[in-house]
Amino acid sequence: MTLVLLLGIGIGLVPGICGALFWYRRSRETAAACRLQLEKYRREHLHMAETQTVLEQEKAGLDDLKFDIVERNLDMLELKEQLEVEKERSEKLLRNILPERVISELRATGKSEPESFEAVTVFFSDIVNFTEKSAKVEPRILIEELSDIFTNFDHIFVANGCERIKTIGDAYLSVSGLPVPCAGHCDNILRAAMAAMRYLDERNHDGKHLVWEMRMGVHTGRVVGGIVGTEKYIYDVFGDTINTASRMESYSEPMAINVSHVTRELAREEFCFTERPSCSVKGKGAQKMFFLCWRPQYADR
């Protein structure tokens, strides 16, 4: 009886034990699977973290590269601005030495051919007793005085459509009608000469500067113009007209504008002249000359 009871009980426990063993085995398989899945997730997470780190490093590198590009662009912009400043300085220096048209020719072709201009009016001036007076003036003050006078002359002549060619010591040479031909060349120079003389007269009476008197001369005719030299460019003018204009200045008087007969005939009615006795000019013979009236006491008509 007892044996039967025990067997019954044992037989009743078998399904439970078997179920427990099954679920134990199943749970072990599930745990193993979970561990595998967890390891997989861990590896993936690590890979993603590593990838994220690489991406962040690459992004940081790209940001640094962007900053480098911006800095280089700023450096290039500053360099460009410096080059433009230097270019403007060079252009200004060239304009002080050469006429604008000649500069354009040099840029376009690398050279500028000499030209003959049939109708050019030439202005010459120099300072009376300059050698004697300059010997008594401190060099620095002397240069400042000449620079002031000639700078103002430049403004006056440019404003009147003239081209300053050069200064030689105390002498000033300007023309109108070259290198760009101009129908009003004669009137341009005469107006500029009058304005220059008025400026000098006012300057002499302002009490702030040394007193300088000038002789001025004007003549009109054919002139040859071109670049002289290869190492140091200078635009110069040549011909009998230049020599005659120089003679007109030499035969002028202090604070007077001496004009040749040729220029006088070309001048408009707006200009007033005082005729002078004919003068014998070296290499020219007797020449008729006129003073251009730039202030009332010279006018006789």
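**Exercise 1. Determine which residues of helices H4 and H5 meet, and describe how the two helices are arranged.**

Step 1. List the contacts (heavy atoms within 4.5 Å). From H4, the residues Glu 145, Asp 148, Ile 149, Asn 152, Phe 153, Ile 156 and Phe 157 meet Ile 189, Ala 192, Ala 193, Ala 195, Ala 196, Tyr 199, Leu 200 and Arg 203 of H5.

Step 2. Classify these residues. The contact of H4 with H5 comprises 11 nonpolar residues, one polar and three charged. Here Ala, Val, Leu, Ile, Met, Phe, Trp, Tyr, Cys and Pro count as nonpolar, Asp, Glu, Lys and Arg as charged, and the others, Gly among them, as polar.

Step 3. Describe the geometry. The axes of H4 (residues 139–159) and H5 (residues 185–204) come within 9 Å and cross at roughly 145°. Axes are lines fitted to C-alpha atoms, for helices over the stretch in contact, with angles from 0 to 180 degrees between N-to-C directions. Helices (H or I, at least four residues) and strands (E, at least two) are DSSP runs numbered from the N terminus.

The model is predicted: local features need pLDDT of at least 70, side-chain atom pairs count only at pLDDT 80 or more, and totals for chains, interfaces and linings use all residues. Residues are numbered from 1 along each chain as its sequence is written, and side-chain values use heavy atoms, with hydrogens and water left out.

**Exercise 2. Identify the salt-bridge partner of Arg 222 and state what the pair ties together.**

Step 1. Apply the criterion: a side-chain nitrogen of Lys or Arg within 4 Å of a carboxyl oxygen of Asp or Glu. A search of the whole structure finds 15 salt bridges.

Step 2. Find the partner. Arg 222 forms a salt bridge with Glu 118, and the closest N and O atoms are 3.4 Å apart.

Step 3. Arg 222 belongs to strand S4 (residues 214–228) and Glu 118 to strand S1 (residues 115–127), so the pair ties together parts that are 104 residues apart in sequence.

**Exercise 3. Locate the cis peptide bond and the non-glycine residues with positive phi.**

Step 1. Leu 178 and Pro 179 are joined by a cis peptide bond, with omega about 0°. Pro 179 is in the loop between strand S3 (171–176) and H5.

Step 2. Asn 129, which is not a glycine, has a positive phi of about 55°. Asn 129 is placed in the loop between S1 and helix H3 (130–134).

Step 3. Met 255, likewise not a glycine, has a positive phi of about 60°. The loop between helix H6 (240–250) and strand S6 (256–260) contains Met 255.
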